[in-house]
Amino acid sequence: MLLSLSGISKSFGSVAALRGVDLVVRAGEVHAVLGENGAGKSTLMHIADGLLRPDAGTIAVDGVPVRFRSARDARRHGIGMVHQHSTAVPALSVMENIALAAGWPVAPGQLRRRTAELTARLALQLDPLQPASELSVALKQRLEVVKALASDARILLLDEPTTVLAPTEAEELFNFVREFARSGGAVVLITHKLDEALAAADQVTVLRHGVVALAAPRAEVAAESLTEAMIGGAISVAARPRPTGDGPVLIQCDGLEVKGESTPGLRSASFTIRGGELVAVAGVEGNGQRELLRAVAQLQRPFRGLLEVARPIAFVPEDRTTEGLIPALSLTENVVLGVGRIAPWIRGHRVRRVDWSAAGSRTTELLEEFDVRAKGPGAAAGSLSGGNQQKLLIARALERRPRVLVAENPTRGLDLQAAADVHARLRSAAAAGAAVLIYSNDLDEVLELGDRILVAANGVVVEAEAGAGRQRLGEMMLRSGRPDAQ
Amino acid sequence: MRSSIRALGTSLLALAVGLLLLAVGLHLAGYDAGAALAALWDGAFGSWRAFTGATLLRSVPLILIGLGFALALRGGALNIGAEGQFYAGAIAAAWVGVHAGGWAPWIALPSVALAGIVGGTMWMALPVVLKLRFGVLEVISTLLLNFVAEALVSWMVQGPMQEPSGIYPQSAPIVEAARLPMLPGTRLHLGFVAALIAASILTWIFARTWWGFRLRALGEGPRAAEVSGRVRGNRMIAVALLGSGALAGLAGAFEVSGVSYALYQNLSPGYGFTAIGVALLARLKPSAIVLTGIVFAALEAGAGAMQRDAGIPAVTVYVVEGVIILVLLLGDAAARRGLRRQVVATGAVDGIA
């Protein structure tokens, strides 16, 4: 037994991220920790590598109880963490980055030899003198692995390591990982990709809503039971009648491709949405749904393919306080900003002016109508709670009288009542004839809201058959299909 | 509303602390602080002649440049290069003014002003292109172009634009028709009125127009302005920066056509930098910039009198100006911390029930 975590609990505010989680990692094994976004995987790993302290529970290394006060503490006990995104200093060379992580002296000649020895021993080739900024994404990841192992780590934690890798690069990484385990190390692989866990792991632990839903040797579990453990029981949702498809086509895309910033982006989407339909996209974060919605909202340019969207379009971003609202400005000002120049309070056309008193009284009405709790239209947007901010964003979006309404994770971080209010607004927008397109990381929300459901997996968006339940959607989400395999 | 009153309070406090420190410093250095401050006051406000011909006269470039600085910073861009744009405007204005022989005043005067605007705008064009094309920070490019502009003036007045006798490092005087008329009964030129008009126009732009509001939004929350407000940030910043350069260039033109009547090497005693303090002390509000511009101009006008009458070096007022800005920034930082503490104490992330 190399690393054992037992009875780990951790809360952030009133939200319990982990509740009594046990995890035992033995020498010589690759242990996959599976779970959806928000299941608690990252919290658990940050407890294991010393970045977070648990509220309850114990950590033991080699059977000896330990208490990590920092990531350095954890490293001293042989735990090395490979973060999802590169933590290298771009301006420094490969060897300097390694020295920084391992605490080596930086005398150039010696450092170069030492780096060369290390990369040779690990069979992970890197040019010691190359600046980190010049490395490809895959080599950056390799540098992360070398950094984690530079101070003789025996336990390697990998957080979603394949997010940025091409399939062959991922395969190389897994070969290394298996080799590392065979030579007596232990590996914890955090992932939401089922087939990765199946391919690489000896042992699988599934987290769901902060508790261990399943823990078993790989050989003893079937893919279906893992999916069920991740997504939750096979609760069947009563198939809802689809709206009659006689509204006008308001969104049409065919062979749509959109480049992503750090992920591969959207590789293929072809569908149409008619007025009156509420379409929800399911998918694990980073599978192309964000790019799809932003392209439909005309915020990102399609790279290839056809995309036609009726106007006016309204967009509700998931990041409420950096992309949605400006916290320092008043509610009225935020409404004016978002409704744009089609608003009735914009006067003149050569020099457009804002009639602030008209905008202010309309904002007051909106606060009333959408039950936004605020001091008044002059209050700063930053003084509102998250739920009220979201209500204001929805109110503002609907004020555009949109024919197409696009919303990202419309109820993220909201309490049940606020979420129900938002859902009701989205439904009534569709009922009033708009085409509504949302995505959500919460499968329950997708199932509850969507008249039709699209699934994004690996950049490919396909439509789920009517009446598809959790189980089926879960399978579709976790399949790392290729576009040509669809 | 309450925050703007507090901001005014901080500004007044900053001014008071600056003057107090000046008095204490003078006293410690063995001067008669009372007499010095009296001389300062007299030089700035002591007579109608001093007020209009010294204080208000100096406030014109400070107000115009301060307005330009505020215009750019409202959108989130820092124009540290007003000194350079001022000189570029002055060169262009002097060139037109010298060659305007035979023009009627109603043609010559607008031409000179326009030349200043074009000069200042062109001088800003390079930083704007560098920013949009290559992401070069405007703080650095505008700052460095100040030195280039100063060198350019120096070369102009000893080379291509030197007065015909070739003795003095200055241009030939501009023609009569290109000289700004004085306000009746004063030595204050018409540019002061133009500065007041510019301040009102800018007030209107920020408070009433769709463009001005979007610029403000861009400065307060660039991502939200672009995503939710569909603001084309780069384009808007470019226009604001060019406008900022235009105002500094106009200040340079007024200095030539209203005060010096020729291009000199040290035409500006650092207006481009002092005006940053003017704009900051006014919290970027155009109407307040008129006031703070006059306050800073009074300090500089009074400094001359103080030197003459009390034998105290005029540069001490720069210390006062510096202290004012420092107190202001400290006051802001303290206000932010106080606010944060309040939020933590009440546990009020929601703040409002």
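Helices are taken as DSSP runs of at least four residues, numbered from the N terminus, and the angle between two of their axes runs from 0 to 180 degrees between N-to-C directions. The structure described here is a predicted model.

In chain B, helix 5 (residues 105–134) and helix 6 (residues 138–158) have axes that come within 10 Å and cross at roughly 150 degrees. Since angles over 145 degrees count as roughly antiparallel, helix 5 of chain B is therefore roughly antiparallel to helix 6 of chain B. The crossing of helix 5 and helix 6 of chain B is right-handed. Helix 5 of chain B contributes B:Trp123, B:Met124, B:Leu126, B:Pro127, B:Leu130 and B:Lys131 to the contact, while helix 6 of chain B contributes B:Glu138, B:Ser141, B:Thr142, B:Leu145, B:Val148, B:Ala149 and B:Leu152. Classified by residue type, this contact of helix 5 with helix 6 of chain B comprises nine nonpolar, two polar and two charged residues.

Helix 6 of chain B also packs against helix 4 (residues 82–98) of chain B, the two axes coming within 7 Å and crossing at roughly 30 degrees. Helix 4 of chain B is therefore roughly parallel to helix 6 of chain B, and the crossing of this pair is left-handed. On the side of helix 4 of chain B, the residues involved are B:Ala82, B:Glu83, B:Gly84, B:Gln85, B:Tyr87 and B:Ile91. These meet B:Thr142, B:Leu145, B:Asn146, B:Ala149, B:Glu150, B:Leu152, B:Val153 and B:Met156 of helix 6 of chain B. The contact of helix 4 with helix 6 of chain B divides into eight nonpolar, four polar and two charged residues.

In chain A, helix 11 (residues 331–339) and helix 12 (residues 356–369) pack with their axes 9 Å apart, at an angle of about 100 degrees. The two helices of chain A are therefore roughly perpendicular to each other. A:Leu331, A:Thr332, A:Glu333, A:Val335 and A:Val336 of helix 11 of chain A make the contact with A:Trp356, A:Ala359, A:Gly360, A:Thr363, A:Leu366 and A:Leu367 of helix 12 of chain A. Seven of the residues in this contact of helix 11 with helix 12 of chain A are nonpolar, three are polar and one is charged.

The interface between the chains brings 33 residues of chain A into contact with 23 residues of chain B. About 2,200 Å² is buried between chain A and chain B, 63% of it on carbon and sulfur atoms. Of the area that chain A buries against chain B, 24% is supplied by A:Glu323, A:Leu337 and A:Trp356, more than by any other three residues. Two salt bridges are found across the interface of chain A and chain B. The side chain of A:Glu323 also meets that of B:Arg223 in a salt bridge, with an N to O distance of 2.3 Å.

Over all chains, the whole structure contains 31 salt bridges. One pairs the side chains of A:Glu257 and A:Arg304 at 3.2 Å, N to O. A:Glu257 lies in strand 11 (residues 249–257) of chain A and A:Arg304 in strand 15 (residues 304–309) of chain A, so the pair ties together parts that are 47 residues apart in sequence. In a further salt bridge, between A:Arg347 and A:Asp355, the closest N and O atoms are 2.5 Å apart.

Two backbone features are located in loops. The peptide bond from A:Arg311 to A:Pro312 is cis, with omega near -5 degrees, and A:Pro312 lies in the loop between strand 15 and strand 16 (313–316) of chain A. In chain B, B:Arg283 has a positive phi of about 55 degrees although it is not a glycine. B:Arg283 is placed in the loop between helix 11 (271–281) and helix 12 (286–310) of chain B.

Methods. Residues are numbered from 1 along each chain as its sequence is written. Chains are lettered from A and ligands numbered from 1 in the order in which they are written. This is a predicted model: local features need pLDDT of at least 70, side-chain atom pairs count only at pLDDT 80 or more; totals for chains, interfaces and linings use all residues. Side-chain values use heavy atoms; hydrogens and water are left out. Angles under 35 degrees count as roughly parallel, over 145 as roughly antiparallel, 65 to 115 as roughly perpendicular and the rest as oblique. A crossing is left-handed if the near helix is turned anticlockwise from the far one by less than a right angle, and right-handed if clockwise. Contact means heavy atoms within 4.5 Å. Ala, Val, Leu, Ile, Met, Phe, Trp, Tyr, Cys and Pro count as nonpolar, Asp, Glu, Lys and Arg as charged, and the others, Gly among them, as polar. Buried area is the accessible area (1.4 Å probe) that two parts lose on being put together, summed over both. A salt bridge is a side-chain nitrogen of Lys or Arg within 4 Å of a carboxyl oxygen of Asp or Glu.
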